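Please consult the sequence and the model while reading.

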Amino acid sequence: MSKHHFVFVHGAGHGGWCWYKLANSLRENGHKATCIDLKGAGINPTDPNTVSSLDDYDKPLYAFLSQLSLDQKVILVSHSVGGGSMTAAMCLFPSKVSMAVYVAAAMVKPGTLIPDSLKNVMKICSGLLEEETEKIWDFTFGNGPQNLPTSIMMKPEYVRDKFYNESPMEDYTLATTLLRPAPVMAFLGIMDIPEAAETDKIPRVYVKTGKDHLFNPALQEVMLALWPPAQTFLLPESDHSAFFSQPQELYQFLLQGASSLIP
């Protein structure tokens with residue numbers, strides 16, 4: 001069996017830590033796994049309130065891809081709004097990416113118009129939809145209350161239901177100690193990634209999450225229809241955080257997707 005290098009990209013509030021089960025399973029079976037902390041996330045020391053754009057947020061991912069040798073390719077795997085960061089990286093480093101896997105993630109073709117219904121889901125997942133935002137997210141106004149918030153963090157009373165409704169209690173408990181505020185300016189850019197024809201040459205895999213309370217499965221289907229991937233998998237019992245709720249099944253899907261690549 002071919003050995004692959006998987007590079008994981010987290011969603012809002014999370015960090016490379018959230019992929020620990022997948023990384024462990026892959027490494028135990030001879031694959032490589034790299035879990036990126038985007039700027040201001042995980043153990044990256046940047047204050048998320050100072051992150052100025054999507055490209056600024058994605059700098060650690062870009063830095064990692066830029067240092068790969070000419071003959072190295074990786075499989076990118078993203079979660080939630082991390083899909084936007086992954087797509088942006090695919091646009092900049094298409095020759096470094098052999099496959100892109102979106103796990104309950106934002107998968108929007110660069111340079112295309114997005115239907116309002118889907119825009120709203122993206123905004124809910126990134127805390128930018130006003131009706132939902134006021135209900136489930138806390139804001140930090142680092143540039144003063146007259147300006148846009150600089151970071152958001154899910155209110156503690158919603159974390160279990162929105163992120164981890166099917167996940168083991170110990171993973172939920174761990175996550176509550178590690179979640180960080182997420183940079184708003186980064187997420188404003190995920191729906192405005194410029195057109196890049198090269199991204200269409202990269203095989204894409206989508207993993208749907210059947211019991212997702214944050215990204216409604218029906219709206220995941222709407223998104224898939226707009227930019228159909230090469231392969232689609234369903235985790236019927238997964239909440240938004242498949243890396244906790246169905247890690248072994250997700251691991252198998254990653255290997256299944258990777259097996260379709262020509263060595």
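Q: Which residues of H12 are buried?
A: In this predicted model, a residue counts as buried when its relative accessible area is under 20%. By that criterion, the buried residues of H12 are Pro247, Leu250, Tyr251, Phe253, Leu254, Leu255, Gly257 and Ala258.

Q: How many Å apart are the end C-alpha atoms of helix H12?
A: Helix H12 covers residues 247-259, a run of 13 residues. At 1.5 Å a residue, helix H12 should span 18 Å. The value in the model agrees with this expectation, because the end C-alpha atoms are apart by 18 Å.

Q: How many of the residues of helix H4 are buried?
A: Helix H4 is formed by residues 82-92 and is mostly covered. What covers its buried residues includes helix H2, helix H3 and strands E1, E3, E4 and E8. Among the buried residues are Gly82, Met86 and Cys91. Of the 11 residues in H4, the number buried is 10.

Q: Which strands stand at the edges of the open sheet of three strands?
A: The sheet has the order E5-E6-E7, with antiparallel pairing. Two of the strands each have a single partner strand, so one side of each is left without a neighbour in the sheet. These edge strands are E5 (137-140) and E7 (182-183).

Q: What is the bridge partner of threonine 140 in E6?
A: Strands E5 and E6 run antiparallel and are joined by four bridges. Strand E6 comprises residues 151-154. Within E6, the partner of threonine 140 is serine 151.

Q: Which helix lies across E5 and E6?
A: The helix in question is formed by residues 156-163. It runs at about 75° to E6. Its name is H7.

Key
Residues are numbered from 1 along each chain as its sequence is written. This is a predicted model: local features need pLDDT of at least 70, side-chain atom pairs count only at pLDDT 80 or more; totals for chains, interfaces and linings use all residues. Side-chain values use heavy atoms; hydrogens and water are left out. Buried means under 20% relative accessible area, exposed over 50%, partly exposed in between (1.4 Å probe, protein chains only). Contact means heavy atoms within 4.5 Å. Two strands pair if DSSP finds at least two bridges between them. Axes are lines fitted to C-alpha atoms, for helices over the stretch in contact, and angles run from 0 to 180 degrees between N-to-C directions. The expected span of a helix is 1.5 Å times one less than its number of residues.
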